[in-house]
Amino acid sequence: MFRFFVEQEQINDGQVVIIGEDVNHIRNVLRMKPGETVLIAAGDDWEYTCDILALDENQVLLKITDAQKPGKELPSRIYLFQCLPKGDKMETVIQKAVELGAYEVIPVASKRCIMKLDEKKKKTKVNRWNGIAESAAKQSKRMIIPEVHAVLSFKEALRYAADIDVKLLPYENAEGMAGTRRLLEGIAPGQSVAVMIGPEGGFDPAEVEEAAEAGFSAITLGKRILRTETAGMTALSILMYHLEQD
């Protein structure tokens, strides 16, 4: 069943109005007709089962037939700080991060990032990345569309993470799986979590020191060196397994 996202003000008196780009997708791509059923999420815990009443080129009118709280979101907000990888790898990172339950993805321009973006390219990339996040949220039946933040410098990212409860920095020079396990197992549902993933060239040692001063704990993800696009997925998978509720 197809899922669409709306704002709260689009839900009134047992009906939902879909506007914007989703109208064209419903009418001309999916070729849906009155009487067909869709799922609607509005950024809260509620999921609405709706039947299509009518549709034209400007809007799709739905009737709510059922409402439920499926509990599909993790009890903790996970913020993935991903240092910019080269090529189109960021698109894969965002897609998989959304599927794995990330609350927000923050692209970071660290010292050793190979990809360099000017201000115009940053805006274009972020717009595209948010479109990928929305598609992934629909596919994975998320209750929210995780935001892809504007690109931050490393120092800006550390400041942005200041109020997050638990801050993790997977680092190839970190030692001790036992300490990493204790740290991860100590995360309680409801605590916010930041995960800072380095670029292809890794973190500059000065950045690791700055992160430690900002409250980030270096952890290991095992004895093998992971690619930047793999490290974030690995960390998120571990956190999802630990935090997922019955």
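Lys138 and Glu134 both lie in helix 3, four residues apart, which is about one turn of the helix, and their side chains meet in a salt bridge with an N to O distance of 3.4 Å. This is a predicted model, in which local features need pLDDT of at least 70 and side-chain atom pairs count only at pLDDT 80 or more, while totals for chains, interfaces and linings use all residues. Residues are numbered from 1 along each chain as its sequence is written, and side-chain values use heavy atoms, with hydrogens and water left out. Helices (H or I, at least four residues) and strands (E, at least two) are DSSP runs numbered from the N terminus.

**Salt bridges**

- A salt bridge is a side-chain nitrogen of Lys or Arg within 4 Å of a carboxyl oxygen of Asp or Glu, and a search of the whole structure finds 13 of them.
- Burial is described by relative accessible area, with buried meaning under 20%, exposed over 50% and partly exposed in between (1.4 Å probe, protein chains only).
- In the helix 3 pair, Lys138 counts as buried at 18% relative accessibility, whereas Glu134 is partly exposed at 27%.
- Salt bridges that share partners also join Arg3, Glu47 and Lys72 into one network.
- Arg128 and Glu91 form a salt bridge through their side chains, at 2.7 Å from N to O; Arg128 lies in helix 3 and Glu91 in helix 2 (residues 89-99), so the pair ties together parts that are 37 residues apart in sequence.
- Within that pair, Arg128 is partly exposed at 48% relative accessibility, while Glu91 is buried at 17%.
- Asp204 forms a salt bridge with Arg112, and the closest N and O atoms are 4.0 Å apart.
- This pair links distant parts of the chain, 92 residues apart, with Asp204 in the loop between strand 12 (193-197) and helix 6 (205-213) and Arg112 in the loop between strand 8 (104-109) and helix 3.
- Asp204 is buried, at 12% relative accessibility, and Arg112 is partly exposed, at 34%.

**Pockets**

- On a 1 Å grid over the protein atoms alone, a pocket is an open set of points where a 1.4 Å probe fits, with protein on both sides within 12 Å along at least five of seven lines, and lining residues have an atom within 4 Å of a point.
- The largest pocket has a volume of about 530 Å³, where a volume is the space filled by probe spheres set on the grid points, which are joined across faces, edges and corners.
- Of the 25 residues lining the largest pocket, Phe5, Asp22, Glu134, Lys138 and Ile145 are the closest to its centre, and the elements that give two or more residues to this lining are strand 1 (3-5), helix 1 (21-29) and helix 3 (119-139).
- The lining of the largest pocket has ten nonpolar, eight polar and seven charged residues, where Ala, Val, Leu, Ile, Met, Phe, Trp, Tyr, Cys and Pro count as nonpolar, Asp, Glu, Lys and Arg as charged, and the others, Gly among them, as polar.
- The second largest pocket holds about 430 Å³ of space and is lined by 24 residues, of which Pro170, Glu172, Ile225, Leu226 and Ala231 lie nearest its centre.
- Helix 7 (residues 228-243) gives the most to the lining of the second largest pocket, with three residues, and by class that lining has eleven nonpolar, six polar and seven charged residues.

**Aromatic pairs**

- Rings of Phe, Tyr and Trp (its six-membered ring) pair if their centres lie within 6.5 Å, with planes under 30 degrees apart counted as stacked, over 60 as edge-to-face and the rest as tilted; by this rule there are three aromatic pairs.
- The rings of Tyr79 and Tyr103 have centres 5.6 Å apart and planes at 65 degrees, so the pair is edge-to-face.
- Tyr79 lies in strand 7 (residues 78-83) and Tyr103 in the loop between helix 2 and strand 8, so the pair ties together parts 24 residues apart in sequence.
- Tyr79 is buried at 12% relative accessibility, and Tyr103 is partly exposed at 25%.

**Cysteines and a further buried residue**

- A disulfide is a pair of cysteine sulfur atoms within 2.5 Å, and a search of the whole structure finds zero disulfides.
- The sulfur of Cys83 is 4.9 Å from the closest cysteine sulfur, in Cys113, which is too far for a bond.
- Cys83 is buried, at 0% relative accessible area, and Cys50 also counts as buried, at 0%.
- Val98 is found in helix 2 and is buried at 1% relative accessibility; Val98 and Glu147 are 49 residues apart in sequence and 9.4 Å apart in space, C-alpha to C-alpha.
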